[in-house]
Amino acid sequence: MELRQARYFLALAEECHFGRAAARLHVAQPALSQQIKQLERELGIPLFHRSTRHVELTEAGRHLTGYARTLVTEAERARVHMTELATGRAGRVSLGFIGTATYDVLPRVARTVRAELPHVTLELRGELLSPQLVDGLLTGAYDLAVLRPGAHPEGVDVAPLRTEPLVAVLPAHHPLAGEPRVSVSALAREPFVIHPAQPRSAMYDRVLAACARAGFQPPSLVEVGETATLVVLVAAGHGVALVPEAVQSLRLDGVTYVPLAETETVDLVLGRRAHHNTPAVQQVAEIVQGCVRP
């Protein structure tokens, strides 16, 4: 049974009148009659009792109604789904985040995609380092990644999202915790809690460069991969840290975020696999760009 025959059959089954069914289908009555006869020949059984004044379903016709309705309904569902895929309103998109964007950007992206693209399945992973995200883009583990810029290899395209000022993270009991601003040089004798050198975090280089511009190297480094753990270690008194301003959305007892007296910044970018721009990926990329506050 062809889809067109199923539609014609259902229209006649519901109208029980060739003229009304033909008008509903916007076809000529002889064409409708011919299709119904063809369907009956193919199935080998009458589907309608016909008289000059009356059309009525046979028992076989009543049984066929459910199958025909399922066929038409599933065909319409398939059509709608294909349209959603073509326009990016359905599909699956994997998205990774560096640690410092996990608590700021990720929640807004998840909420917005759920509200605006309910048929897009998001696979989210946070607390990753930029090198891990670049590798994931190259292998196809991620379609998109919010990360730090660097020497990205061929096969990864990046677009700027924002420039973020750095702030100091101090234990709440630190003598400088109550200051309106703190100079990086004032932290010269403090141990630093920092993102790791291996695999090399962009923040590792950025923080040490800020210290070098202030005229010192930290006396000791405590390396940690996750931003939340970094802030927890500062709260526990293991040292101080420099982080992007957005990390302030991670509220923990025992720490204070203090703006820097100097202008120290770090960039945030959106990475994607080159030549991989499905409609769903493009839709989610636009949402990410809209969710990143300047």
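This note goes through the aromatic pairs and salt bridges of a predicted model.

1. Basis. The model is predicted, so local features need pLDDT of at least 70 and side-chain atom pairs count only at pLDDT 80 or more, while totals for chains, interfaces and linings use all residues. Residues are numbered from 1 along each chain as its sequence is written, and side-chain values use heavy atoms, with hydrogens and water left out.

2. Aromatic pairs. Rings of Phe, Tyr and Trp (its six-membered ring) pair if their centres lie within 6.5 Å; planes under 30 degrees apart are stacked, over 60 edge-to-face, and the rest tilted. The count by this rule is 2 aromatic pairs. With centres 5.5 Å apart and planes at 55 degrees, Phe 9 and Phe 48 form a tilted pair. Phe 9 belongs to helix H1 (residues 3-15) and Phe 48 to strand E1 (residues 48-50), so the contact ties together parts 39 residues apart in sequence. Helices (H or I, at least four residues) and strands (E, at least two) are DSSP runs, numbered from the N terminus. Both Phe 9 and Phe 48 are buried; buried means under 20% relative accessible area, exposed over 50%, and partly exposed in between (1.4 Å probe, protein chains only).

3. Phe 192 and Phe 216. This aromatic pair is also tilted, at 6.2 Å centre to centre and 45 degrees between the planes. Phe 192 is in strand E7 (residues 192-194), and Phe 216 is in the loop between helix H8 (202-213) and strand E8 (221-223), 24 residues apart. Phe 192 is buried at 0% relative accessibility, and Phe 216 is buried at 10%.

4. Salt bridges. A salt bridge is a side-chain nitrogen of Lys or Arg within 4 Å of a carboxyl oxygen of Asp or Glu. There are 16 salt bridges by this rule. One of them joins Glu 40 and Arg 50, at 2.9 Å from N to O. Glu 40 lies in helix H3 (residues 29-43) and Arg 50 in strand E1, so parts 10 residues apart in sequence are tied together. Glu 40 is buried, at 11%, whereas Arg 50 is partly exposed, at 39%.

5. Strand to strand. Glu 123 and Arg 92 form a salt bridge of 3.1 Å, N to O. Glu 123 sits in strand E4 (residues 119-128) and Arg 92 in strand E3 (residues 90-98), 31 residues apart. Glu 123 is partly exposed at 36% relative accessibility; Arg 92 is exposed at 54%.

6. Loop to helix. The salt bridge of Glu 264 and Arg 213 spans 2.8 Å, N to O. Glu 264 is in the loop between strand E10 (255-259) and strand E11 (265-273), and Arg 213 is in helix H8, 51 residues apart. Glu 264 is buried, at 6%, but Arg 213 is exposed, at 53%.

7. Network. Salt bridges link Glu 14, Glu 15, Arg 20, Arg 24 and Arg 69 in a network.
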